[in-house]
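Let's take a friendly walk through this model together. Have the sequence and the 3D view open as you read.

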Amino acid sequence: MSDWTDIVDGVIGYVTLLKELGGRVVELPPGFFDAWDKAPPTVPPPHVRAPSRAVEDAALPVARGDAHPPGGGGREALEDIARRVGACAECPLHAAGRTRVVPGQGNPDAPDVMFIGEAPGEEEDRQGLAFVGAAGQFLTKMIQAMGYTRDEVFIANICKCRPPRNRAPEAQEMQKCLPFLREQIRAVRPKVIVLLGGTAIKGILNSQTGVTRMQGVWTAYEGIPVMPTYHPSYVIRFENVGDAAGMKAVKLQVWNALKLVLARLGKPVPQPGKK
């Protein structure tokens, strides 16, 4: 789900990157450029069940986050948010044919990374879990390439209900849902936030700048470092149309953004061909 601005920005970014590559061999992490696996991924049991402007890297310190007390304050806060999300009727999406709300799931206690996308799709609406469809398979590869598992990070969306026909969320829908997401960010207190796609950028950063111009550039939200990059659904479009070169080029941009995240966290970057 993406608007025309994101599509145009994506084309510009793709052409620019191809010029920069100049035929050079591009190294990607193990498994990051494998043939697409059509089987649904194994999703760990969720911890939560449910019925601005870019700044320079050097100027932004790592936000360590405040770990929640042993009593599980983060988990309890997220469960409370999920209950309220399930009862929400503030925008038309609650009556637009949703099957389940999708509050988000993952590590509730100061994870290294929180991924934020756009809105649930068909499979997410069916399961009540974020990023479990085709785009979720690619997000899983991104997470694994960074050296994490899905239950070690937190995954959420700007909107908690599926828009009809998987369209992009409208402004009113985003504004009604954003307070829940902001509460989740404060409850989880991740060290870094990764924004997936233009809608996440608009919602969290209140910016109309396209994802191509924001991709790979550090910004911040409430003192937490933020790294924008492409939504997984945008990446897999290139495979769907048989454009292997385009998919590899966009994957390189995504991987470079993820490497910046690992560097900020002080984590080693996986090397191609090594486990």
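**The sheet and its surroundings**

In this predicted model, six strands come together in an open sheet of mixed pairing, ordered β1-β3-β2-β4-β6-β5. The edges are taken by β1 and β5 (219-221), each with a single partner strand, so one side of each has no neighbour in the sheet. Helix α6 (residues 198-205) packs on this sheet, where α6 touches β2, β4, β5 and β6 (224-229). The direction of α6 makes about 130° with that of β4.

Now look at β2 (residues 113-117) and β4 (residues 192-196): these strands run parallel and are joined by four bridges.

Next, turn to a pair of helices. Helix α4 (residues 134-145) packs against helix α8 (residues 232-240) at an angle of about 105°, and their axes are 9 Å apart. Angles of 65 to 115 degrees count as roughly perpendicular, and α4 and α8 are therefore roughly perpendicular to each other. On the α4 side, the contact is made by Ala-134, Ala-135, Phe-138, Leu-139 and Met-142, while α8 brings Pro-232, Ser-233, Val-235 and Ile-236. By class, that contact has eight nonpolar residues, one polar residue and no charged ones.

Finally, visit Leu-93, in the loop between α2 (73-87) and β1 (105-106). Is Leu-93 buried or exposed? Its relative accessibility is 2%, so Leu-93 counts as buried. Leaving aside residues up to four places away in sequence, Leu-93 touches residues including Cys-161, Pro-163, Arg-167 and Glu-173. Pro-163 is 70 residues from Leu-93 along the chain, yet their C-alpha atoms are separated by 6.2 Å.

Definitions and conventions: Residues numbered from 1 in each chain as written. Predicted model: local features only at pLDDT ≥ 70, side-chain atom pairs only at ≥ 80, totals over all residues. Heavy atoms only, no water. Helix = DSSP H or I, 4+ residues; strand = E, 2+ residues; numbered from the N terminus. Buried < 20%, exposed > 50% of the residue type's maximum accessible area, 1.4 Å probe, protein only. Contact = heavy atoms within 4.5 Å. Pairing = 2+ DSSP bridges. Axes fitted to C-alpha atoms, helices over the stretch in contact; angles between N-to-C directions. Parallel < 35°, antiparallel > 145°, perpendicular 65-115°, else oblique. Nonpolar A, V, L, I, M, F, W, Y, C, P; charged D, E, K, R; others polar.
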